[in-house]
Amino acid sequence: MNVPSPYPCQRLQSPPLSRREMLSQCAGGFGALALAALQQNSAFADSIDATRKAGHGPHHEVRAKNVIFLYMDGGPSQVDTFDPKPLLKRFHGKDPGKLFTVEPTQFNNNGTVLASPWEFHQYGESGMSVSDLFPNIATCVDELAVIRSMVSEFPEHTFANYFLHTGSGLQGRPTMGAWVNYGLGSECENLPGFVVLNGGLIPPGGLDCFGSGFLPASYQGSIFQPSGSGVANISPTELSPDRQRGKLDLARSLDDIAVHRDGRHDSIESAIANYELAYAMQMAVPEVMSLTDEPAHLQKMYGLESKYEPTRIYGAQCMIARKMIEQGVRFIELTCPQVGGDRWDQHSNLKKGHENNAKAVDQPIAALLKDLRARGLLDETLVVWAGEFGRTPFAQGTNGRDHNPFGFTVWMAGGGVKPGTVYGATDEWGYKAIENRTEIHDLHATMLHLMGVDHTRSTFRFGGRDMRLTDVKGHVIESVIA
Amino acid sequence: MTIIGAAGATARLASSLVVSVAMASCCLANDISVAGETPSADPVDLEFFEKEVRPLLAEHCFECHGSQSETLQAGLQVDNRASLLEGGDSGAALIPGDADGSLIIEAVRYESYEMPPEGKLADEEIEALSRWVEMGAPWPDEVAPTPVTSRPTFDLDDRKTNHWAWQAIESPEPPQVQATDWPRDEIDSFILARLEEAGLPPAADADRHVLMRRLYFDLIGMPPTADQAADFLSQSDPQAVENLVDELLASKHFGEHWARHWLDLVRYAESRGHEFDPDIRNAYQYRDYVIRALNADVPYDQFVREQIAGDLLPAPRLNPDQDFNESILGTGFWFLGEWVHSPVDIRKDESDRFDNMIDVMSKTFLGVTVACARCHDHKFDAISTADYYSLSGFLQSSDYRQVRFESIENNREISEELAALDARYRERVAETLPNEPALDQLSTPLDEAAAATVVVDYAEIASPEYMQDGFIFGERPRHAGDAVLARTDAGATIQLAKRNAATSDRFWDGLESVSGPATNKRGALVKIPQSGRTLRTPTFLVEHGNVAARVDGQGHVFACVDSHRMIAGPLHGQVVRPIKGEKQWVQLDLNRYVGHRVHLEFTPSTDADLSVVLVTDGATDEMRAQLEQHESEIADSVAEYESAVDSAVLEQWQQLAADWAVEREKLSERVNRRSALAIAMSDGSGEDDHILIRGNSSKPGDLEPRHFLTAISGEPLEIPTGSGRLQLAEAINAADNPLTRRVIVNRTWHHLMGRGIVPTPDDFGVLGQRPTHPGLLDYLATEFADEGQSLKDLIRRIVLSRTYQMASQTDAAAVAADPKNLLWHHRPVQRLPGEAIRDSLLVLSGRLDATLFGPSVPVHLTPFMEGRGRPAHSGPRDGKGRRSIYTAVRRNFLSPFMTTFDTPTPFSTMGRRTVSNVPAQALILMNDPLVVEFSRDWAERAIEQFDEHVERIDWMFQSAFGRPASEQERAIAAEYIAAQASARETTADSIDVWADLAHALVNTKEFIYIP
């Protein structure tokens, strides 16, 4: 019997067969069928599962085929990262209420104006300012489009997380990754189209940040752990591959008898085909999760040799993400690793907390951008770096910052993004967006747009409405598009 | 660039104005409004407008607020003066001469609205606009541009007339058919008539074993055991199918299976989700209520009534075995949604909660999407925003509680007897006295300013406003001078009450409220023994924030602001305050909540006294001192009067006290002190809600009286007192409501046939699909009502119809003519729901624990189930062998097995589950250790029972598929056993080999796809 291809997503060209022809020709064994399935082009794949494959397809030119969403859980501070505000230094220690209108905050424990503990420097040809928190990302500024005028509707984590992920502050709505796969389908048949690489911190709101909501369950995010078996139920319990194959061949023979007896039904034939995919996934997942074959210099570049464990974890996540991109996984989200404190959510000890978080992600992210660029993949991969909100320019207590949905920074790179761009601005305090205010819906609309999807036309009817990721809102931010 | 753009826009506008003016001059100016007259059309001012203001408006505003806007935002058009004066949803946008008072200026200053949304205008631009308004908003005398697009108007009557679902239910005669021998029921005539019309034949009858297996799964959600299957298949009785149906309908497992369908509608969960996933304590009592109600075949209208208003029924349904109040448990459905802690905008949080409640209620019972009308009139259906907020009023008038449902009815009786008993003795005490204390004349009148701060006064509260959870505060407050029985060291004595106060009665000491086990208790309220022991003030609007209550005793006060009860986290902790014996005022700092609706809940500590005299908002220390002074004057006068009572009378009192105490003691023995708790609703102050403009909770508009959907019966309901939910329930159940019965018969059809007659069971609106067989839908709805709204009877009829019993084999011609099977030429194959798959495995493994009811088995936590609020302990992998409906549904930790097989995320009504078909399902059946374990247990049972391989194989097929193995299957299975035994160098009786056979059978499609 043939050995399954080590590159399961590679499309070998062979004449398309109809599914029924396939099934009847491949009755010789499950393994054979699995391999055959891998070798088929979309004529086979399209019929496997209408709900999984039936993306409505792009509406216009596709700039980004895939997305890597670097989720900065907890809300990094804009004025300490990408949005320098020298005025804070001048008014450090002053009562913010006397300088500007202070909105209600989550902890209602507002202190005085707090200057950033970090210096900002200009980098690259664009001369973009980045704080000393991100010395590595700073070397990539000419790849970035930084949006300094993001706003959210919610100052609470969970609402804001759901909102950033699903376009609604409430629980149970489909998340971005689900929408993208709903819209475009999955190009990778033996890995899920929507993967969450869990670094250790599932955000507030839980797994519903990655759910499919009212979309079919097939679009929900698959949680991959960077260690262990990677994915739930991916490891056979049989002691040898032969035993599993024997068992599945038996089931297959009985299925054939049943199909012969009861007649053909699409749902049953799809289910039979799904066994082939599942069988292939058992091999594909360990392969994509293994980094041992990666060259030493790349491992080093991604931070896999770092002394700081969170950097090693996030480095591995970034490297796996790149491998998944190569395999055509449509949407990959990375959650943050544990750094001891409380993710980016520094209600106190801003300095230590932000330093640790930045240390975990800075080197791996820069490596990811460079590696994608070197492989020619960055142009078709949209990388998005975002938290659910920003932080207040005044202190919470003495040395923390509270939640701030009124103005914060996110950035995008690759995938049709205009590089070296700064878009929008907050006020002189870095508190509220005042120029080119950008809503989460706008970010979503833009991401979808870059993927070739018109956000107003990617709808799913539920509960009497044609639902969208962008609800009834959202404008594509043309200025950040190349 | 910007300037050129703006000029361009102005130029375009100007040219369109020319056209408009030209048109106006040659046609009757009926529909063309003339711009509001500018009082001082000073040319300099006009020039300022043209140069500084109009370009600004054109550049930043017209796109959304102009005559050319596709959809006019907020109903506001700003390209002419009259429209600005008239305003939009939020009222006038412009007050000439008053920049600070003009909404448009507020909006550009980002003070309330933030316009333009893409970014604040430059300071000098804002200044220009302000100056223009201050000038009196000069605008040249010109014709207002006519909107280019005809914007759809909302005409409720028109929509009602033009959509099928609002039309009255008809009672059509079953149609004539040619093949008169085919129908077994009128249902079949409706189906066959359409098939005959299309020239399509119905499929053959399903095989007996296929039908049997279908019935088991459809009616009880479990497969027949091998014995049950063999027994049924051996019967030759023509009544056998009917008998089986009756048996299954009578099975206690019927309710479990159909309850799961219902739980999908009411987004059933046992935790609140959100950040920390706290418990919804005792949610399982609602689940058990539904199971019992369905098993008891409670008429559907009663089932509806109980869920909407089960707490308000004059004669609640009692549990036949244990006498507890069943009806009240139904109201738990309202409160199964997501709850959040520490919302910064607490009123918005309330409006989101209400939105979910309205959404679930309207979809579940009415199959319409009322929540789509939260921000604007429904885009497609005959549902107005006013309808939405009229329903919101019912919720605003209602409260959440954990009810002592086991004791409530008994203790209600006791409380009535107690009230009568106390009244009788008060009367007898009064008879011993020559006169009453003349309190009114004795006290000096209260200072008006102090009196004005009193928002709740238990001296003068009207009886419907005297609200409590339980009975311990009596039927009315104690009045100063009331004779009360006091317990002193010397025994029972009679005293006169010294003040007017709602007073807890120690008669009720020892109440014990029992909750199911906690997983994740959070919040300041969980430790307060509120159930059955809480006084609830009327709702009032916080005007000052400095709220204080005059109290005596020990306990807690909770200020429930905007019905928010998830008091945990950084915000809102100030709404819960202890009441400690030494101070007689408890103060609440509610400054944050000025302008919000609030009521207070007073709960005594366990077996402690608590009385509440009054509540103030905004009283100064001096005012409170005056209130105290007033109170003590009353107390003094009572004391003075009491001290004048002569000794002969006191002797009489002693005897009366002794008798009174004995009678109370006797009554007390009948108190039901221990009760389980369940989520329930109760009535608060009856109030209408404001229409929120564009759904924005900070923009309240007019009050909307509580009524039902206008398209059905929009007259304000006659609500004698309280929330009016009972009247709402009657409107939902009304015979002329075209929705309720259609919706439930359609749901039933959907569950049995795999697709509803209306394929979108939660949406009968314009965006939903139309019924494939409208006549059948109405026929079933009519019959259902005529036959007493029995769900079991309805199910029985459908499953005994020939339509239901068709085979799933398809006829090529029929498929070609009707590929979607809209006419029902065959019965489609159904994939089992996740619950039935797992339950089947339990049955096969012999590990099913068929116990009904009770607290859920904690969900098994895999390493992939992470996040905040993760339960400290994982549940057992096998769920203790209980049916899947008893596995805990924790919003943030849903069973991956269930979600993979499409058990819905509980956030809104889900009457039709998606049926996905993905590799993850195969991976579960292939590799989930639980599936492997169950398969092995099943194989062990086969080996234990049978020595012969053939018998084992037969039994396994019989138990997995409800049929014996065919010759071919037997041979293949036997061959596998032999081959594996030899490959593994083990015997053919090895459990390993048989376990693998079992696991292979579980992985056949026939196991989860039911023909």
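Chain A holds an open sheet of three strands, in the order β2-β10-β11. The pairing in this sheet is antiparallel. The model is predicted.

- β2 (110-113) and β11 (400-404) of chain A stand at the edges.
- Each edge strand has a single partner strand, so one side of each is left without a neighbour in the sheet.
- On average, neighbouring strands of this sheet are turned by 65° against each other, with direction ignored.
- β2(A) pairs with β10 (residues 390-396) of chain A over two bridges, in the antiparallel sense.
- Opposite Val113(A) stands Phe394(A), a residue in β10(A).

**Val476 in chain A**
- Val476(A) lies in the segment after β18 (465-467) of chain A.
- Val476(A) counts as partly exposed because it has 19 C-beta neighbours inside 10 Å, and a residue needs 20 or more to be buried.
- Neighbours within four places in sequence aside, Val476(A) is in contact with Ala445(A), Thr446(A) and His449(A).
- Gly452(A) is 24 residues away from Val476(A) along the chain, and their C-alpha atoms are separated by 12 Å.

**Where chains A and B touch**
- The contact involves 67 residues of chain A and 72 residues of chain B.
- On the side of chain A that touches chain B, the elements giving two or more residues are α4 (50-53), α6 (157-166), α8 (241-262), α9 (266-289) and β15 (433-435) of chain A.
- α8(A) gives the most to this side, with twelve residues.
- By class, this side of chain A has 27 nonpolar, 28 polar and twelve charged residues.

**Domains and annotations in chain B**
- Chain B is divided into domain 1 (2-134), domain 2 (408-672) and domain 3 (929-1010).
- The C-alpha centres of domain 2 of chain B and domain 3 of chain B are 70 Å apart.
- An unreviewed UniProt entry places "domain: Cytochrome C Planctomycete-type" at residues 61-119 of chain B.
- Residues 61-119 of chain B are 27% helix and 0% strand, and the end C-alpha atoms of this span lie 12 Å apart.
- An unreviewed UniProt entry also places "domain: DUF1553" at residues 724-976 of chain B.
- Residues 724-976 of chain B are 47% helix and 1% strand, with the end C-alpha atoms 68 Å apart.

Notes. Residues are numbered from 1 along each chain as its sequence is written. Chains are lettered from A and ligands numbered from 1 in the order in which they are written. This is a predicted model: local features need pLDDT of at least 70, side-chain atom pairs count only at pLDDT 80 or more; totals for chains, interfaces and linings use all residues. UniProt positions are given in the numbering used here, feature names are shortened, and annotations may be inferred rather than shown by experiment. Helices (H or I, at least four residues) and strands (E, at least two) are DSSP runs, numbered from the N terminus. Domain bounds come from an automatic or database domain assignment. Two residues are in contact if their C-beta atoms, placed from the backbone, lie within 7 Å. Ala, Val, Leu, Ile, Met, Phe, Trp, Tyr, Cys and Pro count as nonpolar, Asp, Glu, Lys and Arg as charged, and the others, Gly among them, as polar. A residue is buried if 20 or more other C-beta atoms lie within 10 Å of its own, exposed if 12 or fewer, and partly exposed in between; C-beta atoms are placed from the backbone. Two strands pair if DSSP finds at least two bridges between them. Axes are lines fitted to C-alpha atoms, for helices over the stretch in contact, and angles run from 0 to 180 degrees between N-to-C directions.
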